[in-house]
Amino acid sequence: MTIPSSDIVLATINAKYIHAAFGLRYLRENLGSLREQTTILEFTNQFAARDMAERILSRKPKIIGLGVYIWNVTQTTALIGVLKQVAPDVIVVIGGPEVSYEIDQQPICTMADHVVIGEGEDAFRNLCEAYLNGAEHPPALPKIVAGGLPNLSELVLPYDGYSDEDLAHRVLYVEASRGCPFRCEFCLSSLDQRVRPFPLEPFFAAMDRLFERGALHFKFVDRTFNLQVAVSVQILQFFLDRMRPGLLVHFEMIPDRLPDELRILLCQFPPGTLQLEIGIQSLDPEVGVRISRRQHQGRMAENFAFLNAETHAHVHADLIIGLPGEDAVGFATGFNRLHSMGPEEIQVGVLKRLRGTPIIRHTDTFGLRFHPDPPYEILQT
């Protein structure tokens with residue numbers, strides 16, 4: 001079988017956590033005239049580096065773009081090592097949260113030809129155009145390229161790129177906004193400058209096309225879905241108007257903001273159609289202040305009671321163990337209190353030292369000791 005060639009190959013190693021190619025779909029759809037010359041390849045952790053390299057290079061690419069995250073940086077580093085041994089002239093561009101900070105400390109950044117930091121749609125397109133659009137000798141391009149903040153109203157949305165297989169077998173990742181208004185020190189979203197919404201009309205049009213193709217499972221990756229209530233109301237109503245058997249919609253929400261406009265709509269979702277992921281992280285007020293995460297605990301408890309009594313939503317709540325100043329007894333107290341609020345699931349995450357986050361300012365005061373290798377989990381406090 002002849003494998004079609006592609007000037008650009010976008011690749012990522014998914015691991016088991018999220019559909020990591022979501023960001024690569026944005027890159028491909030916004031490459032303009034180069035889009036048709038671009039292929040996306042996805043791998044799992046079970047692939048050996050040489051096998052991934054063989055599949056990528058079988059496309060005869062001139063540029064390879066790799067998405068790098070905390071959970072695939074080790075495998076991606078090994079992949080680049082193989083690529084640079086057997087195809088040293090192919091341009092390797094990396095981007096993603098793991099390589100957007102502390103660049104000079106990472107071997108993977110040294111090995112790559114270019115590192116795009118931040119949102120990459122504009123920056124990656126500019127790099128590819130410089131190399132591929134007729135420039136026999138492209139200009140000297142910087143190794144570190146700032147992605148900037150693309151104008152969301154001008155981005156081509158990636159949802160038409162979902163295949164029929166994606167629709168049949170995957171939860172579809174979608175976003176109505178980027179950014180986060182909060183400054184939680186353990187989270188990379190604390191570094192976002194502001195929340196930026198996508199225009200709703202083209203977003204809804206894209207969602208309608210997914211519905212027409214039979215899509216049923218939608219996971220919103222917006223960090224705080226219920227921040228802008230007027231927008232949240234429109235999105236909830238959009239899905240209520242298209243309710244059908246098998247529909248499942250997932251939102252991330254903050255726990256202490258649930259005004260009547262949202263309550264009215266949340267009550268209308270039938271059983272099995274709505275999942276709410278609610279970030280609690282800690283119920284110790286002093287810890288919350290210390291990590292810049294303030295939440296009104298009275299309203300939080302009231303909102304949990306409402307969700308349990310008045311809606312059919314499946315509520316998933318998150319806690320983090322190992323936050324600075326929270327000992328085992330304090331964590332247990334918070335866990336028991338959250339359990340009494342009645343969420344269907346409590347996910348306990350272990351504190352990680354994500355590159356670039358300000359959580360490290362507490363290292364000496366609270367004796368924080370993190371594992372030196374990804375995913376940099378806390379070892380001791």
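Visitor: Which residues form a nonpolar patch on the surface?
Guide: Ile321, Val348 and Val350 do, with about 190 Å² of accessible area together. Patches are made of residues with over 30% relative accessible area and no salt bridge; like charges are joined within 9 Å, and nonpolar side chains (Val, Leu, Ile, Met, Phe, Trp, Tyr) within 5 Å. Accessible areas come from the Shrake-Rupley method with a 1.4 Å probe, and for residues only the protein chains shown count as cover.

Visitor: What kind of model is this, and how are residues numbered?
Guide: This is a predicted model, in which local features need pLDDT of at least 70 and side-chain atom pairs count only at pLDDT 80 or more, while totals for chains, interfaces and linings use all residues. Residues are numbered from 1 along each chain as its sequence is written, and side-chain values use heavy atoms, with hydrogens and water left out.

Visitor: Back to Ile321, where is it found?
Guide: Ile321 is in strand β13, residues 314–321. Helices (H or I, at least four residues) and strands (E, at least two) are DSSP runs, numbered from the N terminus.

Visitor: Why is Ile321 called partly exposed?
Guide: Because its relative accessible area is 34%. Buried means under 20% relative accessible area, exposed means over 50%, and partly exposed is in between (1.4 Å probe, protein chains only).

Visitor: New topic: where does Pro270 sit?
Guide: Pro270 is in the loop between α9 (260–266) and β12 (274–281). At 30% relative accessibility, Pro270 counts as partly exposed.

Visitor: What does Pro270 touch?
Guide: Leaving out residues up to four places away in sequence, Pro270 touches Met243 and His312. Contact means heavy atoms within 4.5 Å.

Visitor: And how far apart are Pro270 and Pro150?
Guide: C-alpha to C-alpha, they are 37 Å apart in space, and 120 residues apart in sequence.

Visitor: What about His362, buried or exposed?
Guide: His362 counts as buried, at 5% relative accessibility. The loop between β14 (345–350) and α13 (363–366) holds His362. Not counting residues up to four places away in sequence, His362 touches Glu185, Arg290, Pro324, Gly367 and Leu368.

Visitor: How many salt bridges are there in the whole structure?
Guide: A search finds 23. A salt bridge is a side-chain nitrogen of Lys or Arg within 4 Å of a carboxyl oxygen of Asp or Glu.

Visitor: Which residues are linked in a network of salt bridges?
Guide: Glu119, Glu121, Glu175, Arg178 and Arg196 are. Within this group, the side chains of Arg196 and Glu119 meet at 2.6 Å, N to O. Arg196 lies in strand β9 (residues 196–197) and Glu119 in the loop between β5 (114–117) and α5 (121–132), so this pair ties together parts that are 77 residues apart in sequence.

Visitor: And what does Glu121 pair with?
Guide: The side chain of Glu121 meets that of Arg178 in a salt bridge of 2.7 Å, N to O. Glu121 lies in helix α5 and Arg178 in strand β8 (residues 177–178), so the pair ties together parts that are 57 residues apart in sequence. Both Glu121 and Arg178 are buried.

Visitor: Which value does phi take in Tyr376?
Guide: Phi of Tyr376 is near 60°, a positive value in a residue other than glycine. Tyr376 counts as buried, at 4% relative accessibility.
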